[in-house]
Amino acid sequence: MTTTEAPKSDTPAKRRCVWLLWTVAGIAYAIDQGSKLAVVAGLEGRAPVPVLGTWMELRVQRNPGAAFGLGEATTIVFTLIAAAVALAIVRVSRRLASTPWAISLGLLLGGALGNLTDRLFRSPGDMRGAVVDFIAVRDFSVMNLADWAISCGSALMLLLSFRRHELGPASSSIAAADAGRS
């Protein structure tokens, strides 16, 4: 094995993790978009539907800004951020060899793509579309399943970072240099 080659045993693990990332992202995206289509068709313009008494209800709300309605005048910025996050995750996925990181990044990617789809294709369009939110938690916020995927993926990412769980192996030349020292 040369100093620039990665060990062959890393290849199947990396492939599995990348497939897991894409699978999680695809599932999160599909559930988010499917739920938005269902609530817009069935609930928009109607009275809120209680889910857990007055603590949680389904209420369709269009949000051109970020969480908690912040930044409504800068929708295009959030569109660009979501696109940048998606591209960064795709780039990082080349190093991915960790199942927990694959799940975390898959949730982030699926959520980012779900909200990005709204910003690109929902009214008024042109990267200024309003995101469909519908899960209203009393005294907190109105969110959608993409937001929940992003929140869960971010929480897992923080946990993995604090526990110093590696995303994948160091670059192959560094790993080879380290192996040569032992």
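In what order do the four strands of the open sheet stand, and is the pairing parallel or antiparallel? The order is E1-E2-E3-E4, and the pairing is antiparallel. All of the views below come from a predicted model, where local features need pLDDT of at least 70, side-chain atom pairs count only at pLDDT 80 or more, and totals for chains, interfaces and linings use all residues. Residues are numbered from 1 along each chain as its sequence is written, and side-chain values use heavy atoms, with hydrogens and water left out.

View 1. Helices (H or I, at least four residues) and strands (E, at least two) are DSSP runs, numbered from the N terminus, and two strands pair if DSSP finds at least two bridges between them. E1 and strand E4 (141–143) sit at the edges with a single partner strand each, so one side of each has no neighbour in the sheet. On average, neighbouring strands here are turned by 45° against each other, direction ignored.

View 2. Strand E1 (residues 49–52) and strand E2 (residues 56–63) run antiparallel and are joined by three bridges. Look for Val49 opposite Leu58 in E2, and for Leu52 with its bridge partner Met56. Three residues lie between the two strands, and in that turn Gly53 has a positive phi of about 60°.

**View 3. Helix H4 from end to end.** H4 (residues 145–162) has 18 residues and reaches 26 Å from first C-alpha to last, close to the 26 Å expected at 1.5 Å a residue (that is, 1.5 Å times one less than the number of residues). Just past H4, Arg164 takes a positive phi of about 55°.

**View 4. The buried side of H4.** Ala146, Asp147, Ala149, Gly153 and Leu160 are the buried residues of H4 (buried means under 20% relative accessible area, with a 1.4 Å probe and protein chains only). They cover an arc of only 155° around the axis, which puts them on the same side of H4; the arc is that of the directions from the helix axis to the C-beta atoms.

**View 5. Arg122 in its loop.** Arg122 is found between helix H3 (99–121) and strand E3 (131–137). Its relative accessibility is 15%, so Arg122 counts as buried. Leaving out residues up to four places away in sequence, Arg122 touches Lys36, Leu37, Val40, Arg62, Thr117, Gly129, Ala130 and Val132 (contact means heavy atoms within 4.5 Å).

Methods
Buried means under 20% relative accessible area, exposed over 50%, partly exposed in between (1.4 Å probe, protein chains only). Axes are lines fitted to C-alpha atoms, for helices over the stretch in contact, and angles run from 0 to 180 degrees between N-to-C directions.
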